[in-house]
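Please look over the following chain and its coordinates before reading the briefing.

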Amino acid sequence: MSLALADYRAILALSEERHFGRAARRLGVTQPALTARLRRVETALGARLFDRGRSGVAITAAGLAFVEGARRVLDAAAETADAVQGAAAGLGQTLRIGMTQIAAYQVVVPVLARLRAAQPLVRIRLSEGVTAGLEGALERRELDAAFLHPPLHAAGLVEHRLAAVPFRRYQRAPGEPLIGYPRHEAPVLMGALARNAGEARLAPAEADTILGAITLAEAGYGAFAAPESFPHAALSRFEGDPGAGEVLETSLAWRSLDRRPQTAALVAAARA
């Protein structure tokens with residue numbers, strides 16, 4: 001038995017509502033119809049997806065695995081429908097682009113402006129993240145390209161380096177500990193910030209972005225490092241120290257085997 005999109009939607013709704021009545025109302029079906037659909041899916045898969053009890057519905061390990069895949073199936077179906085509708089309307093394919101916060105302020109706008117001028121029908125889906133997460137999304141084909149900070153670690157990716165950003169340490173008093181980043185999420189940026197600090201002492205707080213680090217610094221948690229050109233008024237309220245003169249490079253990365261015209265157009269805009 002092959003599963004229909006309605007099957008995936010039903011199981012996903014039940015996993016989120018954990019209640020047959022609420023899930024049925026959300027789907028616009030009767031509770032017996034939802035129960036029968038679940039039974040058919042479980043029979044087809046040969047696995048129990050939910051345990052029913054007086055307190056509600058509990059998802060099983062098999063159910064969790066199904067839900068994870070169901071989200072991918074439904075997302076892919078929605079993207080396919082969007083692509084078809086866009087093509088029918090005369091639009092180009094969607095280019096999924098990721099960016100770090102630093103890259104957004106530094107290089108993304110001029111590159112996308114060139115892309116729009118050269119390929120006005122290409123549709124853009126833009127998302128923000130940290131370098132490690134963006135690199136992983138490229139590997140999993142969840143993104144087509146990403147503005148991030150080298151060096152790259154994933155196989156099958158190529159890059160074009162766009163800029164190098166000088167960093168300054170911003171502090172209220174000398175010797176303040178440095179607000180850091182989760183190393184597993186932003187190892188390149190954290191390494192640059194730690195070297196810029198000129199010391200190993202870190203603040204008892206971390207942030208995922210430069211904006212988060214500035215917020216923590218204004219709350220008194222310590223010093224932070226940021227690009228000299230970062231557009232935030234708070235930089236003027238701290239003493240700027242060039243430190244060791246660290247720089248952070250920014251690249252456009254994409255899969256080496258991606259030969260689609262819209263990806264080539266983005267790379268060309270970055271090289272311009």
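This is a predicted model: local features need pLDDT of at least 70, side-chain atom pairs count only at pLDDT 80 or more; totals for chains, interfaces and linings use all residues.

Residues are numbered from 1 along each chain as its sequence is written, and side-chain values use heavy atoms, with hydrogens and water left out. The chain holds nine helices and 11 strands, where helices (H or I, at least four residues) and strands (E, at least two) are DSSP runs numbered from the N terminus.

**The chain as a whole**

- Of the 272 residues, 44% count as buried, a term that stands for under 20% relative accessible area, with exposed meaning over 50% and partly exposed the range in between (1.4 Å probe, protein chains only).
- The chain exposes about 13900 Å², of which carbon and sulfur atoms supply 54%; the accessible areas come from the Shrake-Rupley method with a 1.4 Å probe, and for residues only the protein chains shown count as cover.
- Among the contacts with a separation of 6 or more, 70% are made by residues 24 or more positions apart, a contact being heavy atoms within 4.5 Å.

**Aromatic pairs**

- Rings of Phe, Tyr and Trp (its six-membered ring) pair if their centres lie within 6.5 Å, and planes under 30 degrees apart count as stacked, over 60 as edge-to-face and the rest as tilted; by this rule the count comes to four aromatic pairs.
- Tyr8 and Phe66 form a stacked pair, with 5.4 Å centre to centre and 10° between the planes. This pair links distant parts of the chain, as Tyr8 belongs to helix H1 (residues 5-17) and Phe66 to helix H4 (residues 61-88), 58 residues apart, and both Tyr8 and Phe66 are buried.
- Tyr170 and Phe224 also form a stacked pair, at 5.4 Å centre to centre with 15° between the planes.
- Ring pairs join Tyr170, Phe224 and Phe238 into a cluster.

- Ala217 lies in helix H8 (residues 210-218) and is buried, since its relative accessible area is 1%.
- Apart from neighbours within four places in sequence, Ala217 is in contact with Arg172, Ile179, Gly222, Phe224 and Phe238. The C-alpha atoms of Ala217 and Phe238 are 9.3 Å apart, at a sequence separation of 21 residues.
- In helix H9 (residues 261-271), the buried residues include Gln262, Thr263, Ala265, Leu266, Val267, Ala269 and Ala270. The buried residues of H9 pack against strand S3 (94-99), helix H5 (101-118), strand S5 (145-148), S6 and strand S11 (247-255).
- Ala272 sits in the segment after H9 and is exposed, because its relative accessibility is 66%. Between the C-alpha atoms of Ala272 and Pro110, 162 residues apart along the chain, the separation is 10.0 Å.

**The largest pocket**

- On a 1 Å grid over the protein atoms alone, a pocket is an open set of points with protein on both sides within 12 Å along at least five of seven lines, whereas a cavity is a set where a 1.4 Å probe fits but cannot get out; lining residues have an atom within 4 Å of a point.
- The largest pocket contains about 240 Å³ of space, and its lining consists of Arg72, Asp75, Ala76, Glu79, Arg96, Arg140, Arg141 and Glu142.
- H4 gives the largest share of this lining, four residues.

**Backbone details**

- The peptide bond from Pro150 to Pro151 is cis, with omega near 10°, and Pro151 is found in the loop between S5 and S6.
- Arg18, in the loop between H1 and helix H2 (20-27), has a positive phi near 55° although this residue is not a glycine. Arg18 counts as partly exposed because its relative accessible area is 34%.
- Arg141 likewise has a positive phi, of about 65°, without being a glycine, and lies in the loop between helix H6 (131-139) and S5. With a relative accessible area of 54%, Arg141 is exposed.

Terms used: Grid points are joined across faces, edges and corners, and a volume is the space filled by probe spheres set on the points.
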